[in-house]
Amino acid sequence: MLNYVWLGFFVSAFVAALVQTLLGDVGAFARLVTALFDAARTGFEIALGLTGMMALWLGFMKVGERAGMIGALARGVSPALRQLFPGVPAGHPAQGAMTMNISANLLGLDNAATPLGLKAMQDLQSLNSRPDTATNAQIMFLALNTAGVTLIPTSVIAIRQTLAIQQGLTGFNAADIFLPTLLVTAVTLVCALTAVSLVQRVPLLRAPLLVPLAVLAALVGGLTWWLGRLPAGAAGRWMGLIGSGVIMLVLIAFLLTGALRRVNVYDAFIDGAKEGFGVAVGIIPYLVAMLAAVAVFRAAGLMDVLLHGIGWVVAALGLPTDFLPALPVGLMKPLSGSGARALMVDVMQTYGVNSFPGKLAAIIQGSTETTFYVLAVYFGSVGIKHTRHALPCALLADVVGLAAAVVVAYVFFR
């Protein structure tokens, strides 16, 4: 699917430039070439700036892992998982792998979550009596992954900070999207869980599952209500403070716990930072590829045509249209995380990282997941061909999550 989308960007841009040239615009192809080269340079510069941030975060995560904090988080969410996977025996290896995968997703560690998720799928496959057909447990696990459950959107915050420096912004707080992203993530998670549970007839009204969900809902709801009563400027400052405070609290907890348990926190940080460097470098080809495709598509004027068409429909319904520039991020995210990341960067560069479209694009990127990619990789890793109700439930959660991101962005930033 992504192959056709990427190819379509270039082919449609070429055809549009050809038509413009035949109509007398001799600079059409020159704009495409200029946009192509600029996008390649931009992709590398962004990845270069991201390298330090990823090295920093993964360094701290390695400290937390050796200090036992990551394992403690896994044990904390384990009772709730047992309610969602009644077909998985207690103590089965899949329980541990799933718990660690979801914990890594909560912390925004996509690179760590994927191998743990593949291990969980393999363990769940050992319980599968029909190897080519997805089990209820596998579908529920995929639903949790495609819901994009994230407490701290690390990479999005890092990219926003990098672009803010490039755009000359001073005093910019890249963590001001923390609470809106958490709220949208919670809505998407509840939708995914409800959809799959209804199909599988899994009872959700049980204390081990309801208590943590109720606590999360009460916390997020209370913060949302309180911030909604404040002036826009004050709400923004408080969101930045909360986001930054939570991140620093997590980091200092990792360091102090590691020190108390006699972990060499410096060496652990260095080991993790080395992994972060490799992750950031690995992003470059994907980022350049999608930025280049989006750049020629935009330079040919096709992005404006697409948005004007959608804008006409939205305006005819009497709805505001200033969210439309960020909409392509939501449309691309189910297909490709790297593609959506490139579109997010494009929005932030075009409208400004601190603009409403820029903030909305960051919320969408930080709170949704690459549905088709996750389904293809996870099910493909164990040879499953019949995915049953996995895709419809996941796409429903995507649609609800995108709508929630738009609504939440208006509540917090308008």
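These questions and answers walk through a predicted model of one chain.

Me: How many helices and how many strands are there in the chain?
Reply: The chain has 414 residues. Its secondary structure comes to 17 helices and 0 strands.

Me: What percentage of the residues in the chain are buried?
Reply: A residue counts as buried under 20% relative accessible area. Of the 414 residues in the chain, the buried share is 51%.

Me: What share of the accessible surface of the chain belongs to carbon and sulfur atoms?
Reply: The accessible surface totals about 18300 Å². The part belonging to carbon and sulfur atoms is 70%.

Me: Among contacts between residues at least 6 apart in sequence, what percentage join residues at least 24 apart?
Reply: Contact here means heavy atoms within 4.5 Å. Take the contacts in the chain between residues at least 6 apart in sequence; the share joining residues at least 24 apart is 78%.

Me: Are α15 and α17 parallel or oblique to each other?
Reply: Helix α15 covers residues 356–367, and helix α17 covers residues 390–413. Their axes come within 9 Å and cross at roughly 135 degrees. An angle over 145 would count as roughly antiparallel, and 65 to 115 as roughly perpendicular. The pair is therefore oblique.

Me: How many nonpolar, polar and charged residues are in the contact of α15 with α17?
Reply: The crossing of these helices is right-handed. From α15 come Phe356, Lys359, Leu360, Ile363 and Ile364; from α17 come Leu402, Ala405, Val406, Ala409, Tyr410 and Phe413. By class, the contact has 10 nonpolar, no polar and 1 charged.

Me: Which residue of α15 is in contact with Tyr410, leaving aside neighbours within four places in sequence?
Reply: Tyr410 lies in helix α17. Beyond its sequence neighbours, Tyr410 touches Pro320, Thr321, Asp322, Phe323 and Phe356. Tyr410 and Phe356 are 54 residues apart in sequence, yet their C-alpha atoms are 8.6 Å apart.

Me: Are α6 and α8 roughly parallel or roughly antiparallel?
Reply: Helix α6 spans residues 136–146, and helix α8 spans residues 178–200. Their axes lie 9 Å apart, at an angle of about 165 degrees. Because angles over 145 count this way, α6 and α8 are roughly antiparallel.

Me: How many nonpolar, polar and charged residues does the contact of α6 with α8 have?
Reply: These two helices make a right-handed crossing. On the α6 side are Asn136, Ile139, Met140, Ala143 and Leu144; on the α8 side are Leu189, Ala192, Leu193, Val196, Ser197 and Gln200. The classes come to 8 nonpolar, 3 polar and no charged.

Me: Is Ile157 buried or exposed?
Reply: Ile157 sits in helix α7, residues 154–166. Its C-alpha is 8.2 Å from that of Ala362, 205 residues away along the chain. The relative accessibility of Ile157 is 10%, so the residue counts as buried.

Me: What is the phi of Arg262, about?
Reply: Most residues other than glycine have a negative phi. Arg262 sits in the loop between α10 and α11. It is exposed, with a relative accessible area of 80%. Though not a glycine, Arg262 has a positive phi of about 60 degrees.

Me: Is Arg388 buried or partly exposed?
Reply: Arg388 lies in the loop between α16 and α17. Its phi is also positive, near 55 degrees. At 43% relative accessibility, Arg388 counts as partly exposed.

Technical notes
Residues numbered from 1 in each chain as written. Predicted model: local features only at pLDDT ≥ 70, side-chain atom pairs only at ≥ 80, totals over all residues. Heavy atoms only, no water. Axes fitted to C-alpha atoms, helices over the stretch in contact; angles between N-to-C directions. Parallel < 35°, antiparallel > 145°, perpendicular 65-115°, else oblique. Left-handed = near helix turned anticlockwise from the far one by under 90°. Nonpolar A, V, L, I, M, F, W, Y, C, P; charged D, E, K, R; others polar. Buried < 20%, exposed > 50% of the residue type's maximum accessible area, 1.4 Å probe, protein only. Areas by Shrake-Rupley, 256 points an atom, 1.4 Å probe, with all protein chains shown as cover.
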